[in-house]
Each structure stands twice: as C-alpha cells, then as structure tokens.
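Please read the following report alongside the sequence and the model.

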Amino acid sequence: MATIIGGIAASHSPTIGFAQDRNKRSDPAWAPIFESFDPVRAWLDEKKPDVLLLVYNDHVTSFFFDHYSAFALGVGARWDVADEGGGARDLPAIGGHPAFAAHVGRALMADEFDMSFFQQRPLDHGCFSPLSMLCPPQGEWPVKLVPLQVGVLQFPIPTARRCYKLGQALRRAIESYPEPLRVALVATGGLSHQVHGERAGFNNTEWDQQFLDLFEQDPERLAAMSHAEYAALGGVEGAEVIMWLIMRGALSAQVRCTHRSYYLPSMTGIATAIYENFAAAPSAAEQVRRQAVAEAQLAGAEALSGAYPFTLERSVKAYRLNHFLHALIDPAVRAAFLADPEAAFERAGLTEQERDLVRRRDWRGLIHYGVIFFMLEKLGAVVGVSNLHIYAAMRGETLEQFQRTRNQPGALYSVAGHDAKELAWDRPSTEAA
Ligand code: FE
C-alpha cells in the first residue's frame with residue numbers, strides 16, 4: 001500500500017524561480033532562499049519519495065474564470081511548465097502518476113469531496129518555483145508529481161476547515177492505494193503577503209511565526225479561522241496558506257517539525273518546513289474496507305455488457321482523440337477538417353489507429369478506444385450523420401433494424417444546427433420508416 005512519508009511546506013513565489021534561474025546563490029539578498037530550501041532538498045534526497053502530491057494554486061495562468069473550481073486534482077501523465085508572460089522557465093516536463101491520481105480521485109469522491117480533474121494544463125510558479133528548488137531535475141525529475149490545484153483567488157473559496165478535512169480524506173485515499181508507493185505531501189503558498197491595492201506590500205512577520213507554531217501544534221485553531229481573519233493578519237493573498245492545512249490534515253495529530261525557516265526578502269514571507277508523520281499504518285482490514293469504499297460506486301458495472309463508463313483512466317488514455325473531436329465545435333476547425341481530414345489528423349498528432357477510427361467512422365471502435373459518446377454525436381453532426389445512425393452502428397445493426405426498436409421509428413435527429421443546412425435523412429415522419 002501507499003504510505004505518507006511526511007509533509008513539506010514551502011512558500012511559492014516568482015522570486016524563488018527567478019533566484020534559481022539566475023544563479024543568485026552567492027548574492028546575499030538571495031542566499032537565504034537557497035539556504036532555507038537546502039535541508040528540505042536533503043530530506044527528499046534521503047527519503048526518496050516516489051510521488052509528490054503537491055498542493056498549490058494557479059495564478060490565473062492555466063485556470064481562468066470561465067470555469068473556476070475549488071479542488072482540481074491533476075490526473076495527467078506529464079506536466080509542462082507554464083508560460084506566465086515572458087516565456088516558460090527552462091525546465092523539463094515532469095511525469096505524473098495517472099493510476100495513483102485516479103485512485104485518489106475516486107477515493108475522495110467516494111468520501112463526498114466533489115473534486116474536479118484536470119490534465120494537459122501547464123503548471124505555473126505556484127508549483128514549479130518551490131519544486132525546482134526541492135528536487136532540481138538532472139536531465140529529468142527524480143520523482144513523479146500529482147498536483148492538487150486549489151482555487152483561492154475568486155471568492156467564495158474553500159474554508160480553512162474544508163481544506164483541513166480534505167487533507168484527512170486525502171490520507172484515507174492515499175493509504176488505500178494498493179501499490180507500494182512512498183508519497184510526500186507538499187503544500188505551497190504564502191506566508192503573509194498582499195500584492196494588490198493600497199495595502200500592497202503588507203506583511204506580518206509576527207503572525208507568520210505564530211502561524212508556523214499553530215500549524216505544528218494546534219491546526220484546529222487555524223481551521224476555525226475565516227478568510228477575513230487570515231486577510232487581516234496575513235494579507236488577502238496570504239490567505240492562500242489555507243492550502244497548507246490540506247497537508248496538515250493528511251498527517252498524524254502529533255507531528256515533529258524537523259526543519260523550519262523563514263525569510264522575508266521582499267513581498268512574501270518565504271517559509272520552508274518539514275513535518276514527520278507519526279501515523280500508524282492502517283490495518284489490513286481497514287485497507288480492504290477503504291479500497292472497497294473507493295471502488296464501490298462502479299463495482300459491478302463491469303458486468304454490464306456493452307457499457308463503458310467514462311472513467312479517469314479512459315479520459316487520460318483517449319484525451320488526444322477526444323480533444324480532436326471536441327475542437328469540431330469551432331466552425332473554422334470543422335471547415336478545415338472537412339476540407340482536408342488528413343491534414344487535420346496530422347496537425348493534431350493523431351496516431352494511425354486514431355486516424356483510422358475517425359476515417360472509417362468506426363463508431364463502436366471509437367467507444368472501445370475511449371472516446372466519449374458526446375464526441376461521436378459532434379462528429380456525426382459535422383459529417384451529416386444522425387444520432388440514430390450512430391446508435392445503430394454501435395449495436396452492430398442497420399439503421400432500419402435499430403429504428404424498429406424505437407417507439408417512433410421515424411424520429412431521426414442530431415446536434416447539428418444552422419451550419420448543417422439540408423440533411424439527407426431529415427424527412428417528414430410519414431415518409432420515414
Ligand atoms: Fe500564490
């Protein structure tokens with residue numbers, strides 16, 4: 001089973017990545033940043049976790065306000081570095097752990113945390129500024145990453161209490177993963193800072209020290225605080241420290257802090273810390289029970305022949321093809337596809353198998369591959385095929401055979417709108433069937 005080997009806290013700030021990329025270790029203004037990360041890097045070197053589950057917030061780089069979610073778990077196979085305006089930092093992509101992330105996602109949902117899930121989104125300095133200090137890549141990264149993005153920028157945001165409880169659920173989720181995996185939890189954010197308005201530049205080093213004390217010894221008090229209380233003490237943006245409580249919640253009630261540093265070079269109080277976890281491993285019986293809870297909702301569905309619930313595993317596996325078909329909702333993209341499908345396949349980097357499935361309109365094959373039905377109906381609308389044609393083909397029947405199974409055999413339809421113009425199959429119902 002997977003085990004939590006400890007918790008790491010590290011502030012994130014563009015200054016950290018900037019200092020590292022410009023090699024400012026010997027500059028007295030920047031040296032304390034490097035020194036504060038050194039013991040944590042040494043700890044990671046020694047403990048060698050397989051996976052870092054890293055809690056961070058995106059800074060409106062890869063998550064925008066068209067759809068802003070509270071807790072988004074990264075289930076993808078790789079994570080690129082985001083361009084935040086001046087080009088991406090020169091760091092390689094880091095591998096994800098889709099199987100572990102999917103299990104954690106299922107377990108959290110079963111525990112009534114309604115997560116959102118993301119993949120194929122680059123991660124910004126909220127993740128990579130501490131990460132590149134914690135385990136700098138030598139060609140490649142020494143660890144896999146499962147990011148957990150928390151939406152802390154557009155109020156309402158999750159309460160501190162909810163973050164703490166999510167951490168407790170995270171522990172149950174991690175410890176019920178059947179494979180032996182050493183997981184370190186990393187929480188990023190803060191400490192005190194405010195970067196907007198007339199109060200920009202606000203810091204409170206006294207509160208930062210108190211926060212670090214309470215975090216170790218009395219997290220319950222921190223969990224009870226409101227966002228306004230955090231903002232008053234540590235600045236509005238400093239309220240992002242509630243993310244630390246996710247890590248704290250996943251650890252034992254008692255922890256040992258084996259390293260703690262604090263430095264305020266400019267705008268943000270930068271802290272790093274290591275917390276040893278004293279949690280006893282769950283018994284074999286508890287593990288079995290937890291695993292069963294995580295799998296309970298879809299247990300038995302595999303026996304339904306001809307049904308393929310769209311799971312995170314299918315979503316990750318068939319992302320490229322689903323994405324290609326989804327892009328057809330853009331009129332220019334579908335016009336280009338209709339004019340030259342092979343060129344469209346090439347631009348999207350589809351594999352030969354994926355191209356073949358689309359070329360042959362192999363509706364059943366597409367479902368087996370991992371495409372969700374709602375992409376099939378979009379492709380159908382683009383190429384002038386009704387939903388009923390698709391249903392029939394998936395069942396291995398002719399259209400007429402399938403129509404005979406419907407109460408109104410002549411009812412043909414698709415999601416096509418005004419672009420589709422005349423549809424060959426759209427006849428008055430008296431003529432049909
Ligand atoms: Fe931040």
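The paragraphs below describe the architecture of the chain and the contacts that hold particular attention.

This is a predicted model, in which local features need pLDDT of at least 70 and side-chain atom pairs count only at pLDDT 80 or more, while totals for chains, interfaces and linings use all residues. Residues are numbered from 1 along each chain as its sequence is written.

**Overall fold**

The protein contains 19 helices and ten strands, where helices (H or I, at least four residues) and strands (E, at least two) are DSSP runs numbered from the N terminus. Its C-alpha trace spans about 80 × 50 × 40 Å along the principal axes. Of the 433 residues, 40% count as buried; a residue is buried if 20 or more other C-beta atoms lie within 10 Å of its own, exposed if 12 or fewer, and partly exposed in between, with C-beta atoms placed from the backbone. Two residues are in contact if their C-beta atoms, placed from the backbone, lie within 7 Å, and among contacts between residues at least 6 apart in sequence, 79% join residues at least 24 apart.

**The sheet**

Eight strands form an open sheet of mixed pairing in the order β6-β3-β7-β2-β8-β1-β10-β9, two strands being paired if DSSP finds at least two bridges between them. The edge strands, each of which pairs on one side only, are β6 (116–118) and β9 (255–263). From one strand to the next, the twist averages 20°.

Strand β8 (residues 181–188) has seven of its eight residues buried, so it is largely enclosed by the rest of the structure. Strand β1 (residues 2–10) runs parallel to β8 and is joined to it by eight bridges, with Gly6 standing opposite Ala184 and Ile8 opposite Val186. Strand β2 (residues 51–56) also pairs with β8 in the parallel sense, over five bridges, and there Leu54 stands opposite Val186.

Helices also pack on the sheet. Helix α5 (residues 160–175) touches β1, β3 (71–74) and β8, and its direction makes about 145° with that of β1. Helix α6 (residues 205–217) lies across β9 and β10 (270–277), running at about 165° to β9. For these angles, axes are lines fitted to C-alpha atoms, for helices over the stretch in contact, and angles run from 0 to 180 degrees between N-to-C directions.

**Two helix pairs**

Two packed helices are described by the angle between their axes and the distance between the axes. The table gives both quantities for two pairs.

| Helix pair | Angle between axes | Axis distance |
|---|---|---|
| α1 (residues 14–21) and α4 (residues 125–134) | about 45° | 8 Å |
| α17 (residues 373–383) and α18 (residues 387–395) | roughly 125° | within 9 Å |

Angles under 35 degrees count as roughly parallel, over 145 as roughly antiparallel, 65 to 115 as roughly perpendicular and the rest as oblique. Helices α1 and α4 are therefore oblique to each other, and their crossing is left-handed; a crossing is left-handed if the near helix is turned anticlockwise from the far one by less than a right angle, and right-handed if clockwise. Pro14, Ile16, Gly17 and Gln20 of α1 meet His125, Phe128, Ser129, Pro130, Ser132 and Met133 of α4. The residues of this contact divide into five nonpolar, five polar and no charged, where Ala, Val, Leu, Ile, Met, Phe, Trp, Tyr, Cys and Pro count as nonpolar, Asp, Glu, Lys and Arg as charged, and the others, Gly among them, as polar.

The axis angle of roughly 125° between α17 and α18 makes α17 oblique to α18, and α17 passes α18 in a right-handed crossing. Leu376, Glu377 and Gly380 of α17 make the contact with Asn387, His389 and Ile390 of α18, a set that divides into two nonpolar, three polar and one charged. Within α18, Leu388, Ile390 and Ala393 are buried, and the buried residues of this helix pack against α16 (363–369), α17 and α19 (399–403). Just after α18, Gly396 takes a positive phi of about 75°.

**A buried loop residue**

Ala250 is found in the loop between α9 (244–249) and β9, and with 27 C-beta neighbours inside 10 Å it counts as buried. Leaving aside residues up to four places away in sequence, Ala250 touches Ile4, Gly7, Gly167, Gln168, Leu170, Arg171 and Leu185. The C-alpha atoms of Ala250 and Leu212, which are 38 residues apart along the chain, are separated by 17 Å.
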